[in-house]
Amino acid sequence: MTDTCSFILSTDQLIFQQKLLRTDLMMRLKGTLAESPSVSQLLSAHICSANIVGLLKTHCPCINLYLFIQVLSLLSLRCLLGVIGNMLEWCLPKDMDLEGVEFKAIASGSHRVSTDFIYFRKGCYFGLACFANMAVESTVERGARMKSVGILSPSYTLLYRYMSFLEHQVRLQLQSPGHYSPLEAFYEDKRALLPPSGDGVVTALPANAWSAAINHSMHPEMKITHPAGCMSHFIRFFGEQIMVLWKLALLRRRILIFSPPPVGVVCYRVYCCCCLANISIPGVGVAVPEFRPFFYVNVADISALENELSYVACTTEKIFEEKKDLYDVYVDNQNVKTYRDGLKPLLRLSTADREKYRKLTEQRQMLLYSQEENGDCVSSEEDLFILFFLEQNNRIFQTLSEVAGSPDPTVTQESVRAMGLDPHGDRLFLLHLLEIYGYDTLLVSEQLCCS
């Protein structure tokens with residue numbers, strides 16, 4: 001049963017309408033408010049919404065969210081919004097469905113950190129929000145003002161380009177609450193890229209037009225940098241465990257990463273996990289579930305995750321560990337674990353895994369040396385990382401395709417080694433791979449026995 005609460009906060013001159021599950025509200029209050037008898041009494045009894053508003057203003061700091069939402073194309077901004085107390089405060093345009101985004105753009109537990117950034121998913125869009133927390137002398141705000149500014153896009157790959165702008169705007173919003181003119185100007189500037197009809201359809205543009213559009217989209221105060229060090233951090237953090245995550249990602253398993261705030265760096269780990277499963281051979285993987293990131297998720301996303309066959313996401317809410325039906329693999333720090341008996345053997349590194357990791361670190365060291373000695377600014381660790389696993393994945397499926405097209409479609413020890421796998425240690429992984437990617441006509445040699 002869902003309780004619907006409508007709030008009219010005359011003191012803040014804003015009107016809010018918010019639908020909350022009573023259980024979800026209880027969990028959120030427990031996570032962010034001091035425990036008190038009045039909280040549990042309020043939630044167990046059906047007290048009127050006016051009292052709920054009073055309780056929220058009494059027991060929690062004033063949390064404001066400002067978002068400008070990018071939709072329709074990578075460079076076309078269409079929407080701006082904001083929330084107070086994790087509720088909608090201001091938006092442009094007014095007709096976009098943003099229900100639930102207020103809990104995505106401010107991660108659970110963010111009141112414990114001073115700054116953070118959050119990638120998230122809202123329907124078919126991806127978002128990036130920058131969060132900041134500032135001490136204030138205000139009894140209404142309980143001594144802290146928290147805000148988050150962000151954007152939405154159909155793709156997450158270029159959201160980082162707006163990071164500097166978001167960080168700058170969240171600082172402005174902390175210092176001058178309610179001053180929206182920079183966001184409005186930004187919105188007006190970017191929506192010029194939308195079709196005149198405004199019907200949400202972006203037609204294909206020639207290369208020179210896209211180049212002009214990209215240049216036009218750059219904000220003068222924005223420094224365009226890649227998420228620096230994201231891949232090197234991923235490698236250093238997980239070490240050889242990267243090879244375990246690689247196999248699980250290639251098998252399109254549901255991977256959930258837990259970490260307390262700040263959550264920004266954990267969102268980068270989600271992105272890196274997605275890079276492990278790239279395949280560029282035409283026709284391969286078209287029948288398997290798409291391995292797209294959810295990035296940050298919270299309890300409000302449980303119903304969405306229940307219907308997902310394959311995903312990688314992160315959360316700051318420990319309760320997810322108990323929801324074992326929502327994930328196949330749970331990552332807590334460097335600890336990768338699963339409750340699926342059929343996947344537990346895949347958590348053990350094979351000889352081939354260690355050899356691949358040795359080659360990856362060797363190539364990385366060579367790249368770093370080249371950058372230091374020769375000033376190589378073209379090559380990047382991200383390119384090396386993505387290409388390394390792309391080549392490994394292509395090698396596997398190219399070999400499988402050749403075996404499938406041969407007179408004797410049998411996977412032998414020689415063909416497994418040709419894939420860069422261990423005939424003994426990777427046997428179970430290979431069997432899962434054959435099943436998931438539809439190579440069920442291939443025979444597996446009896447020589448491929450477990451070690």
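The model is a predicted one, in which local features need pLDDT of at least 70 and side-chain atom pairs count only at pLDDT 80 or more, whereas totals for chains, interfaces and linings use all residues. Residues are numbered from 1 along each chain as its sequence is written, and side-chain values use heavy atoms, with hydrogens and water left out.

**Chain overview**

- The chain contains 15 helices and 15 strands; helices (H or I, at least four residues) and strands (E, at least two) are DSSP runs, numbered from the N terminus.
- Of the 451 residues in the chain, 51% are buried (buried means under 20% relative accessible area, exposed over 50%, partly exposed in between, with a 1.4 Å probe and protein chains only).
- Among contacts (heavy atoms within 4.5 Å) with a separation of 6 or more, 63% are between residues 24 or more positions apart.
- The chain exposes about 20900 Å², and carbon and sulfur atoms supply 53% of that area; the Shrake-Rupley method with a 1.4 Å probe gives the accessible areas.

**Helix 9 against helix 13**

- These two helices pack at an angle of about 50°, and their axes are 12 Å apart; axes are lines fitted to C-alpha atoms, for helices over the stretch in contact, with angles from 0 to 180 degrees between N-to-C directions.
- Helix 9 and helix 13 cross in a right-handed manner, meaning that the near helix is turned clockwise from the far one by less than a right angle.
- Helix 9 contributes Ile242, Met243, Trp246 and Leu250 to the contact, and helix 13 contributes Phe389, Gln392, Asn393, Ile396 and Phe397.
- The residues of this contact are seven nonpolar, two polar and no charged (Ala, Val, Leu, Ile, Met, Phe, Trp, Tyr, Cys and Pro count as nonpolar, Asp, Glu, Lys and Arg as charged, and the others, Gly among them, as polar).

- Helix 8 (residues 230-238) is mostly covered, with seven of its nine residues buried.
- Those buried residues are Cys230, Met231, Ser232, Phe234, Ile235, Phe237 and Phe238.
- Their cover includes helix 9 (241-250), helix 10 (264-275), strand 12 (329-332), helix 12 (351-374) and helix 13 (381-404).
- Gly239 follows helix 8 and has a positive phi, near 55°.

**Helix 8 against helix 10**

- The axes of helix 8 and helix 10 come within 10 Å and cross at roughly 90°, so helix 8 is roughly perpendicular to helix 10.
- On the helix 8 side, the contact is made by Cys230, Met231, His233, Phe234, Phe237 and Phe238; on the helix 10 side, by Val265, Tyr268, Arg269, Tyr271, Cys272, Cys273 and Cys275.
- The contact of helix 8 with helix 10 comprises 11 nonpolar residues, one polar and one charged.

**Backbone features in loops**

- Pro261 and Pro262 are joined by a cis peptide bond, with omega of about 5°; Pro262 is placed in the loop between strand 9 (254-258) and helix 10.
- Arg252, a residue other than glycine, has a positive phi near 60° and lies in the loop between helix 9 and strand 9.
- Arg252 counts as buried because its relative accessibility is 12%.
- Asn333, also a residue other than glycine, has a positive phi near 60° and is found in the loop between strand 12 and strand 13 (335-337).
- With a relative accessible area of 48%, Asn333 is partly exposed.

Conventions: Parallel < 35°, antiparallel > 145°, perpendicular 65-115°, else oblique.
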